[in-house]
Amino acid sequence: KLPGPHTQSRSSYIFGVFRTILKEPFATPHMRWWKEAQKKNGQDIPLLAYSILLGNFSVLLLDADCIKQVLTAQASKYPTRFPKKYFLQHIIGDGLVTLNDEDWSRHRRIIQPSFMVQSIHTQLNRVVPQLIMKYIQIWKPQKPHHREIDVSSHFLAITLDILGI
């Protein structure tokens, strides 16, 4: 049995833990499940498994070596990454999410330079200072009134801006 939340209710097949994920703040349920699994097993765990919609399972990798293996594995060694998701292909088209085999390898090779450390560093140095200045301008008027500022929500917004979401 893989570590992670397990529900036994009749509705768990249809919704799994999806409702919990939607109701709670981002990644909060995952962090809780991780801590519970560590406590139960008495050691670090490499992954969490949980059911989502219609009995489908998701696996959350927690071990850096496992993540590295998944991200750097040669596609030719593992010919099919995911079962074909035709409905998703019609919505978002051909890309890394929907392709397999050589097509996936070719697309990954094309976008790989965008994720190199130097490229990311250059982009962050260009974007982050502008965003920080924007929020400093928002915070300045609050100072004379001695109002508290919820910087955590602003940092979340800055993070999402950096990611382009």
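Residues are numbered from 1 along each chain as its sequence is written. Because the model is predicted, local features need pLDDT of at least 70 and side-chain atom pairs count only at pLDDT 80 or more, while totals for chains, interfaces and linings use all residues; side-chain values use heavy atoms, with hydrogens and water left out.

The score called pLDDT is the predictor's confidence in each residue, from 0 to 100. Here the protein chain averages 79, and 85% of the residues score at least 70.

## A strand tucked inside

Let's begin with strand E1, residues 47–51. Is it enclosed or in the open? All 5 of its 5 residues are buried, so E1 is largely enclosed by the rest of the structure. (Buried means under 20% relative accessible area, exposed means over 50%, and partly exposed is in between, using a 1.4 Å probe and protein chains only.) In a regular strand, side chains alternate between the two faces of the sheet. You can see that here: Leu-47, Ala-49 and Ser-51 point one way from E1, while Leu-48 and Tyr-50 point the other way.

E1 has a partner, strand E2 (residues 57–61), and the two pair in the antiparallel sense over 5 bridges. Strands count as paired if DSSP finds at least two bridges between them. Leu-47 stands opposite Leu-61 in E2. The hairpin has 5 residues between the strands, and Leu-54 takes a positive phi near 55° there.

## A helix out in the open

Helix H4 (residues 64–72) tells another story: of its 9 residues, the number buried is 0, so H4 lies largely in the open. What caps its N-terminal end? That's Asp-63, with a side-chain oxygen 3.2 Å from the backbone nitrogen of Asp-65.

## Rings that meet

The structure holds 3 aromatic pairs. One of them is Trp-33 with Tyr-50, a tilted pair with 5.4 Å centre to centre and 45° between the planes. Trp-33 lies in helix H3 (residues 28–41) and Tyr-50 in strand E1, so this pair ties together parts that are 17 residues apart in sequence. Both residues are buried: Trp-33 has a relative accessible area of 5%, and Tyr-50 has 8%. As for the rules, rings of Phe, Tyr and Trp (its six-membered ring) pair if their centres lie within 6.5 Å; planes under 30 degrees apart are stacked, over 60 edge-to-face, and the rest tilted.

Now look at Trp-139 and Phe-155: their ring centres are 6.5 Å apart and their planes sit at 90°, so the pair is edge-to-face. This pair links distant parts of the chain, with Trp-139 in helix H7 (residues 117–139) and Phe-155 in helix H8 (residues 151–163), 16 residues apart. Phe-155 is partly exposed, with a relative accessible area of 44%. Tyr-135, Trp-139 and Phe-155 form one aromatic cluster.

## Charges that pair up

Side chains of opposite charge can pair when their charged atoms come close. There are 4 salt bridges in the structure, each being a side-chain nitrogen of Lys or Arg within 4 Å of a carboxyl oxygen of Asp or Glu. Arg-32 meets Glu-24 in one of them, at 2.7 Å, N to O. Arg-32 also forms a salt bridge with Glu-36, whose closest N and O atoms are 3.9 Å apart. Glu-36 and Arg-32 both lie in helix H3, 4 residues apart, about one turn of the helix. Relative accessibility is 31% for Arg-32 and 44% for Glu-36, and both count as partly exposed.

Over in helix H6 (residues 101–111), Arg-106 and Asp-103 are 3 residues apart, about one helical turn. Their salt bridge has its closest N and O atoms 3.3 Å apart. Arg-106 is partly exposed at 39%, and Asp-103 is partly exposed at 38%.

Definitions and conventions:
A polar contact is a pair of N or O atoms within 3.5 Å; within protein, one must be able to donate a hydrogen and the other to accept it, and residues adjacent in sequence count only if both atoms are side-chain atoms.
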